[in-house]
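User: I'd like to go through this model with you, one question at a time. Could you take me through its side chains and backbone?

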Amino acid sequence: MSAASSAAGHTASMPGMLVSPTGRTWGSSGRSCASIAQQPRLIYQKSKCAKSEKIEDALLLECPLGEMLPSPSDYKASLIVLTVQNWLLRLSADSGEVLEKVYLAGSCCKFFRYLSWDTPQEVMIVKSAQNKLPAAARQIFGNSVTDVAVSNGILIVMYSMGLVRLYNFKAILEQFMEQPVDLGQEFNWNGQVGVVGQFPYGLPCNIKITDTPPLLFEASSLENAFQIGGYPWHYIITPNKKKHKGVFHICSLKDNALAKNGIQDMKCCSLEPDWIYFHPDMSGRIIHVGPNLIKVLKLKEVKNHADQMEIAEDFTIVANRENCVNNSVTVTASGRVVKKRFTLLDDDPEQETYSHEVYFDKDLVLHIEQKPNRRFSCYVYQMVCDTAKDDDS
């Protein structure tokens, strides 16, 4: 496992579950795996782990194409998991066996909590817990930084006032890396000698930013909500005022121009707000989900204006809501019978509500429902192309 690992698969990560496009699911502990393709079946189950071995986050690593790998096991899918004790483990996706392990905590950071891929899944990002920014970093990026992320070679810095700034992460590495290191390399760092990636040495902090890197882009958005996707590149924000919550603007990354029909507002009256995102299949489609409506949108050129884009509706999915009619009878102190009849919608504030989460991953849709007494149900749907209908059209 190198510092820049290659992968060719896409997975959906969600609380308590990791799902691959092949129909496999892993529990949050990484110690159980099941297949949901066609008929659910258990692939492996390992004994319960100690709290010190608890897994914080996980990714699915699949064999890179066209590369010679040192071990036959490297050609099979594996899980990359991050433990609470700052170990990065590579587990067999078929058995859960530990194939490789890297110790992370060192001079750089003591607590790592999050894993992600830097698209197109060639570089793995290991992110620390959100602690107070060091003084040197505050001098470079400011005092109001609340969070950072890396995606598509871009460093994304978020601020408390809703500001989002983008920097070229590759340029930062080239400019401010003091010395490159490799896993397994014996290394002397500030008088401390150890092996990179082994306990207790971990990873040395070999990048020191001494000057503000060139700013690529900045935008202001409510609650730092900011997404990039589509072709040509566009971004989605919510204007940075509370009255605009639930309103989404889709703009060109090139010149900040608002796309035609680029303001999307469902005007929902629901306990849970609507949400929007670029579809993970890199098709440029946009999914807008409300309490009883899913709109699939797409970017397309405005007719006779090749330099202008518009948002067009591809198709919609409407859910039929069940109205619960409640007939109640009340007897007053005088003995008079009073009948009441009222209707409750499924998101009525007077009802006890539970969490519903929906995830999309290529042709899979997962619906996770929380029930009373902290019971959870997971419904898996596979979307199948209706070839007969396509042939008719």
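**Rings, backbone and fold**

Analyst: Happy to! K127 lies over the face of Y114, at 5.6 Å from the ring centre; a charge sits over a ring if NZ of Lys or CZ of Arg is within 6 Å of the ring centre and within 35 degrees of the ring normal. Before we go on, this is a predicted model, where local features need pLDDT of at least 70, side-chain atom pairs count only at pLDDT 80 or more, and totals for chains, interfaces and linings use all residues. Residues are numbered from 1 along each chain as its sequence is written, and side-chain values use heavy atoms, with hydrogens and water left out.

User: Which residue lies over the face of Y159?

Analyst: The ring centre of Y159 is the reference point here, at a distance of 5.2 Å. The residue over that face is R165.

User: How many aromatic pairs does a search of the whole structure find?

Analyst: Rings of Phe, Tyr and Trp (its six-membered ring) pair if their centres lie within 6.5 Å; planes under 30 degrees apart count as stacked, over 60 as edge-to-face and the rest as tilted. Searching the whole structure by that rule, the number of aromatic pairs is eight.

User: What is the angle between the planes of F141 and Y167, and how many residues apart in sequence are the parts they tie together?

Analyst: F141 and Y167 are an edge-to-face pair, 5.5 Å centre to centre, with 75 degrees between the planes. Helices (H or I, at least four residues) and strands (E, at least two) are DSSP runs, numbered from the N terminus. Because F141 lies in helix 1 (residues 135-141) and Y167 in strand 14 (residues 163-168), the pair ties together parts whose separation in sequence is 26 residues.

User: Is Y167 buried or exposed?

Analyst: Buried means under 20% relative accessible area, exposed over 50%, and partly exposed in between (1.4 Å probe, protein chains only). Y167 has 3% relative accessibility, so Y167 counts as buried.

User: What is the angle between the planes of W275 and Y277?

Analyst: The centres of W275 and Y277 are 5.6 Å apart, and the pair is stacked. W275 is partly exposed at 34% relative accessible area, while Y277 is buried at 15%. The angle between the planes of W275 and Y277 is 15 degrees.

User: Which residue has a side chain joined to that of S252 by a polar contact?

Analyst: S252 lies in strand 20 (residues 247-252) and is buried, with a relative accessible area of 14%. A polar contact is a pair of N or O atoms within 3.5 Å; within protein, one must be able to donate a hydrogen and the other to accept it, and residues adjacent in sequence count only if both atoms are side-chain atoms. At 3.3 Å, the partner of S252 is D255.

User: What is omega for the cis peptide bond from Y231 to P232?

Analyst: Most residues other than glycine have a negative phi, and most peptide bonds are trans. P232 is in the loop between strand 18 (226-229) and strand 19 (234-237). The bond from Y231 to P232 is cis, with omega near -5 degrees.

User: Where is N261, which has a positive phi?

Analyst: N261 is not a glycine, yet its phi is positive, about 60 degrees. N261 is partly exposed, with a relative accessible area of 45%. Its place is in strand 21 (residues 258-265).
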